[in-house]
Amino acid sequence: MDPGSLSRWLIRAEVDLDAIAANTRNLARLVRPARLFAVVKADGYGLGAVAASRVALANGADGLCVARPEEGLALRAAGIDAPILILGPTVPALADQVVRARLTPTVCDLQTAEALARAAGAGARPLPVHVKIDTGLHRYGILPSEAPAFLGHLSRHLQLRVEGLWTHLATADEADKTFAYAQLARFNEVVAALPPVPVRHAANTAAAIDLPEFRLDLVRAGIGIYGYYPSRHVGRAVALRPALTLKSRVIRVHDVGPGETIGYGRSWVARRAGRIALVACGYGDGYPRHLSNRGAVLVRGRRCPVVGRVSMDLLTVDVTDLPEVQTGDEVVLVGRQGDEEISLDELAELAETIPYELLTRLTPRVPRIYVGSRPVLTTGLPEGVKEDL
Ligand SMILES: *Cc1c(COP(=O)(O)O)cnc(C)c1O
């Protein structure tokens, strides 16, 4: 092995902040006059919530959405001051922290409402809250039939002010939008029967792009901010640039003879004499094991098939047709290298999942390296990892 060739990093997720900036600007322009809130739950879809939030807020996002109170608290701790809407439940035990951090909770039960009202009691101004209406997704939210009574209860808590009413769509990214329109109709009907609120919202990225009448006062865009379309059924009217490039390195190249097998379970058998490159990436980094004998990676600008099982820390690729491959070569698992690209959509389809899951399953041991023309943000990097640009 060339001793110098592996002296640098072995794996990294490069996050293109210019892409996040451009995607946010494009989405904000598309949905105007509706406001754009960037969804940064699950650590910014795996790419780093603090970095994504800062860039989105500097490029036209008016606020942020998280799934859990803890995610909002972490953003406040990082110094982010913008409005933060919590989409999921706030447990009563966290009410004080939520109020102190000026997070905007979604309230769908009286117990939480009362805890929040108590926590807000000391404050000078009432706490803005949003209420989610379940119009057919049947996960979180209150049913249309319960809405008038629930809002009536909330109105008795003078420490709370219902700022927003919202719903979430089950099929906005599917070809058939019939159910999405039925949900919107149900939502509009409920809202019309309630006292007016300043902010109504229903759209995720898919609806924001394809269904202008769903944009209402505010749009909650997640996947589009990071540069991916929600599904192949969603129109390409807005330009989105993928933010992630997942890179690793070849750590060994070796010959195999006909009949030899590679990896656990001996699932791949060499039919000819060939060469195998070992790559420092495995399911322990978030690369799906399901891509064993299915996936492909880029080495020296060419596609090379994944052969044998993907293991926790390593995978193997057939580089027989690329004799110049050597230890230390850069490998692209997701993204572009030269003129070739392995798109996240392609990989998700092969792995029988969606781009969302592939992004969020990138594990903490993969350093997130922020690239782009703007100042490099060091937040979100694991302790001790230095940018190596
Ligand atoms: C995650 C989420 C979104 C964002 O969805 P995208 O498809 O990523 O745009 C919007 N609203 C709610 C309630 C969500 O949970």
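Reply: Start with the term: a cavity, on a 1 Å grid over the protein atoms alone, is a set of points where a 1.4 Å probe fits but cannot get out. Its volume is the space filled by probe spheres set on the points, with grid points joined across faces, edges and corners. The largest cavity holds about 80 Å³. This is a predicted model, where local features need pLDDT of at least 70, side-chain atom pairs count only at pLDDT 80 or more, and totals for chains, interfaces and linings use all residues. Residues are numbered from 1 along each chain as its sequence is written, and side-chain values use heavy atoms, with hydrogens and water left out.

Me: How many cavities of 30 Å³ or more does a search of the whole structure find?

Reply: The search finds 1.

Me: Which classes make up the lining of the largest cavity?

Reply: It has 9 nonpolar residues, 1 polar and no charged. Ala, Val, Leu, Ile, Met, Phe, Trp, Tyr, Cys and Pro count as nonpolar, Asp, Glu, Lys and Arg as charged, and the others, Gly among them, as polar. Gly-286 lines this cavity, and Gly counts as polar.

Me: What makes a space a pocket instead?

Reply: A pocket is an open set with protein on both sides within 12 Å along at least five of seven lines. The largest pocket has a volume of about 690 Å³. Its lining counts 30 residues, with Lys-41, Tyr-45, Arg-139, His-168 and Asn-204 nearest the centre. By class, 16 are nonpolar, 7 polar and 7 charged.

Me: Why is α1 called oblique to α3?

Reply: The axes of α1 (residues 17-31) and α3 (residues 49-57) cross at roughly 45 degrees and come within 8 Å. Therefore α1 is oblique to α3: angles under 35 degrees count as roughly parallel, over 145 as roughly antiparallel, 65 to 115 as roughly perpendicular and the rest as oblique. Axes are lines fitted to C-alpha atoms, for helices over the stretch in contact, and angles run from 0 to 180 degrees between N-to-C directions.

Conventions:
On a 1 Å grid over the protein atoms alone, a cavity is a set of points where a 1.4 Å probe fits but cannot get out, and a pocket is an open set with protein on both sides within 12 Å along at least five of seven lines; lining residues have an atom within 4 Å of a point. Helices (H or I, at least four residues) and strands (E, at least two) are DSSP runs, numbered from the N terminus.
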